Amino acid sequence: MSIQYEDPTLAGSYDVVGSFPKSFGYGAEEQDLEENCSTSADKPRILLMGLRRSGKSSIQKVVFHKMSPNETLFLESTNKIYKDDISSSSFVNFQIWDFPGQVDFLDPTFDSEMIFKGTGALIFVIDAQDDYVEALERLHLTVSRAYKVNPDINFEVFIHKVDGLSDDHKIETQRDIHQRANDELADANLEKLHLSLYLTSIYDHSIFEAFSKVVQKLLPQLPTLENLLNIFISHSGIEKAFLFDVVSKIYIATDSSPVDMQSYELCCDMIDVVIDVSCIYGLMQDGSGCAYDKESSAIIRLNNSTVLYLKEVTKFLALVCILREESFERKGLIEYNFHCFRKAIHEVFEVGNLPQGACSSSNNLTGLKYAGAHNGSAV
């Protein structure tokens, strides 16, 4: 495997020119957090709930704080609500609330209205290696209480710690939990409440993919991002493309083709390689600079004639593509289409909160298609 790393001059953190405008509300820089008149309490929340020792804190530390899975073995049990605002270092503009397993919904001090009203997603973690009867009871109590307060919450169930189970056991466990949980909801006349189930482990990339699915549901721009990616890859000879949040390795969007776990893992590993190499060789002698900036770009050629291609989209987002080596011979076409794609991404978020946003998004898509057709004919 050969690596071409293109990150010529890392002369400090670049300014916001070429990155998202501050009005997007995504990933403001630290100095801007103090100036932001909206408090952190106004941000959408993702709640992590479940019984004690189910793995909630480990998930949060591995996904958003780059903690090694083995280090999580030494984490203490959560005994109070832990609020983690990750927007200062990530594109994902949410708060993660980690709840202790012994939380009592019947306690008069538990303010369901305050907690569930501003929640975008509720993730309930079930330990698949333990007897999950009690966990299912708590799941039913939790989601039914939350649904009455806020029926718009996305209810997600992480069937966690499946790394110790065989493939057959994983499928059987997921089927059993799905059946029991939905039966209880039907008995309580809550058929409209939908549960999404994921098999997860912090020892592989399944936890990152599951969190990606959760976050995507909370992004109103997702359909437009997917359309942009579809047009970009179809006019560039690319097989698969992911739009990654670099910090967490969550992909906020991908094209419409099915996600192959192996391809996703390759792209995640590429981000790690680029950041690690840049941290070692890209910083200035005095340690100043940034490991990921607007010049960041990388090419990895695999032995099976596959090329991995990474380009910076914003200081928090990266586009990672998978394509055949013969398609990469038309690098000029890909570069031009990427330039149009990058510009369209910025415009999509610029108009995200405006009434005419849908119209502008349509223009972005048309522009990118024209760029592909124009380059294709020129080449």
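Predicted model: local features only at pLDDT ≥ 70, side-chain atom pairs only at ≥ 80, totals over all residues.
Q: How much space lies in the second largest pocket?
A: The second largest pocket holds about 370 Å³ of space. A pocket is an open set of points on a 1 Å grid over the protein atoms alone, with protein on both sides within 12 Å along at least five of seven lines, whereas a cavity is a set of points where a 1.4 Å probe fits but cannot get out; lining residues have an atom within 4 Å of a point. Grid points are joined across faces, edges and corners, and the volume is the space filled by probe spheres set on the points.

Q: Which residues lie nearest its centre?
A: Arg53, Ser54, Gly55, Ser58 and Lys161 lie nearest the centre, out of 23 lining residues. The lining divides into 5 nonpolar, 11 polar and 7 charged residues. Here Ala, Val, Leu, Ile, Met, Phe, Trp, Tyr, Cys and Pro count as nonpolar, Asp, Glu, Lys and Arg as charged, and the others, Gly among them, as polar.

Q: Which helix gives the most to that lining?
A: Helix H2, residues 56-65, gives the most, with 3 residues. Helices (H or I, at least four residues) and strands (E, at least two) are DSSP runs numbered from the N terminus.

Q: Is H2 mostly covered or mostly open?
A: H2 is mostly covered, with 9 of its 10 residues buried. Among them are Lys56, Ser58, Ile59 and Phe64. Buried means under 20% relative accessible area, exposed means over 50%, and partly exposed lies in between (1.4 Å probe, protein chains only).

Q: What about the backbone on either side of H2?
A: Arginine 53 is in the loop between strand S2 (45-50) and H2, and its phi is near 65°, a positive value in a residue other than glycine. Just after H2, lysine 66 takes a positive phi of about 55°. Lysine 66 is in the loop between H2 and S3 and counts as exposed because its relative accessibility is 53%.

Q: New topic: which residues form the nonpolar surface patch?
A: Leu73, Phe74 and Tyr203 form the patch, with about 400 Å² of accessible area together. Patches are made of residues with over 30% relative accessible area and no salt bridge; like charges are joined within 9 Å, and nonpolar side chains (Val, Leu, Ile, Met, Phe, Trp, Tyr) within 5 Å. Accessible areas come from the Shrake-Rupley method with a 1.4 Å probe, and for residues only the protein chains shown count as cover.

Q: Where is phenylalanine 74 found?
A: Phenylalanine 74 is found in the loop between H2 and strand S3 (82-85). Phenylalanine 74 counts as exposed because its relative accessibility is 70%.

Q: How many cavities does the structure hold?
A: There are 3 cavities of 30 Å³ or more. The second largest cavity has about 40 Å³ of space, and its lining divides into 6 nonpolar, 1 polar and 2 charged residues. Helix H4 (133-149) and helix H5 (167-187) each supply at least two of the lining residues, which include Leu136, His140, Arg180 and Leu195.

Q: Which residue forms a salt bridge with arginine 180?
A: Aspartate 176 does, with the closest N and O atoms 3.3 Å apart. A salt bridge is a side-chain nitrogen of Lys or Arg within 4 Å of a carboxyl oxygen of Asp or Glu. Both residues lie in helix H5, 4 residues apart, about one turn of the helix.

Q: How many salt bridges in total?
A: The count comes to 11. One of them joins lysine 217 to glutamate 156, with the closest N and O atoms 3.2 Å apart. That pair links distant parts of the chain, with lysine 217 in helix H6 (residues 206-217) and glutamate 156 in strand S6 (residues 154-160), 61 residues apart.

Q: Are those two buried or exposed?
A: Lysine 217 is partly exposed, with a relative accessible area of 38%, whereas glutamate 156 counts as buried at 1% relative accessibility.

Key: Residues numbered from 1 in each chain as written. Heavy atoms only, no water.
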